[in-house]
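Please look over the sequence and the model shown here before reading the notes that follow. They are grouped by topic.

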Amino acid sequence: MDKEHKAFYEKLETRGISRRDFMRYCTFLTATMGLSSSFVPKVAEVFAAPAQRPPVVWLHFAECTGCSESLLRSQYPYVDDLVLEVLSVEYHETIMAAAGHQAEENLKAAVKKYDGKFICVVEGAIATKFDGGYGKIGGRTFLEIAQEVCPKAAAVICYGSCSAWGNIQAAEPNPGGYKGVSEALGIKTLNIPGCPPNPVNLVGTVVNYLLLGKLPALDSTGRPMFAYGQTIHDQCPRRAHYEYGEFVESFGSEEAAKGWCLYKMGCKGPETYNNCPIAKFNDGTSWPIEAGHPCIGCSEPGFWDKFTPFFEEM
Ligand code: FSX
Ligand code: SF4
Ligand code: F3S
């Protein structure tokens, strides 16, 4: 084993992650990305010995920062590894040390230096009414900042339903005219929606880019097919209690009732495209339906207006 790999595995050990744990994660990630198992060693290489570290500018607009929170809880790579070793993050408001004017300067310098080459990750929606006056950072509107930065990126990744579709900020009556990045700027974006989105889908997208030199295949709304190709309902373990749109009303035993289909409690799983049943959250601990809560369709465009009241049958 060469020096670089040795140092990598030693670092993992100090964090209590064995080589076997790491390979298990790479197997999970490779399967999530829809690649065959022959890619597992190559996926591991992306982390262990990154050949390139693409520069990233990470913007925040109107949102709750739950998307960054979900990323900070990704099981592996820990966010500092992802951030500092696989990517070269030049600007990220939540985790960078700089503040105020220095932060503004960092953003300008990064965009100038990596013009046409950086990946722009965006969290949050953009206000468009009143010249974007409903949302500002450092005296500039979200709209101004996005118009300046996004067109200069090699690719724009919208992380979360807010930057993808506008989300809660865009809920009726939407006084600020909030929109997702693609609609606000009239550009194409890669969208990883969810409120919050699952970090494994962002990691999978980035690894796909580093491994194959291109972004993954997308559906018509810009979502990676590997993650959003099927509905929640298609992959739901409670599906056994849902038959042809009818519900098995009586299960005959308490055991069976634990896995009742939540359709009548308002579950939006049949109309929601996401991989939550497979990817799960918090180190694979659980996901909404496993925890007993109906899916509210958080990754779908306009879900606040389209799917409310959440607890009523569709
Ligand atoms: Fe939105 Fe993300 Fe929901 Fe929150 O950045 S998708 S409100 S989890 O924080 O944008
Ligand atoms: Fe479908 Fe929801 Fe029922 Fe699961 S709980 S089978 S996603 S309707
Ligand atoms: Fe969201 Fe439904 Fe998954 S509410 S987190 S898409 S189960």
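In which loop is the place of Pro196? Pro196 sits in the loop between strand 9 (190-192) and helix 10, where helices (H or I, at least four residues) and strands (E, at least two) are DSSP runs numbered from the N terminus. This is a predicted model, in which local features need pLDDT of at least 70 and side-chain atom pairs count only at pLDDT 80 or more, while totals for chains, interfaces and linings use all residues. Residues are numbered from 1 along each chain as its sequence is written, chains are lettered from A and ligands numbered from 1 in the order in which they are written, and side-chain values use heavy atoms, with hydrogens and water left out.

**Cis peptide bonds and positive phi**

- Most residues other than glycine have a negative phi, and most peptide bonds are trans.
- The peptide bond between Cys195 and Pro196 is cis, with omega at about 10°.
- Another cis peptide bond, with omega about 0°, joins Glu172 and Pro173, and Pro173 belongs to the loop between helix 8 (161-165) and strand 8 (178-179).
- Asn167, which lies in the loop between helix 8 and strand 8, has a positive phi near 55° and counts as buried at 6% relative accessibility.

**Helix 10**

- Helix 10 covers residues 199-212, and its 14 residues reach 20 Å from the first C-alpha to the last, close to the 20 Å expected at 1.5 Å a residue, the expected span being 1.5 Å times one less than the number of residues.
- Because 11 of its 14 residues are buried, helix 10 is largely enclosed by the rest of the structure; among the buried residues are Pro199, Val203, Val207 and Leu210.
- At the start of helix 10, a side-chain oxygen of Asn198 comes to within 3.1 Å of the backbone nitrogen of Val200.

**Cysteines**

- The whole structure was searched for disulfides (pairs of cysteine sulfur atoms within 2.5 Å), and 0 were found.
- The cysteine sulfur closest to that of Cys150 is in Cys120, and the distance of 4.1 Å is too far for a bond.
- Cys150 counts as buried at 2% relative accessibility, and Cys162 counts as buried at 8%.

Note on methods: Buried means under 20% relative accessible area, exposed over 50%, partly exposed in between (1.4 Å probe, protein chains only). A polar contact is a pair of N or O atoms within 3.5 Å; within protein, one must be able to donate a hydrogen and the other to accept it, and residues adjacent in sequence count only if both atoms are side-chain atoms.
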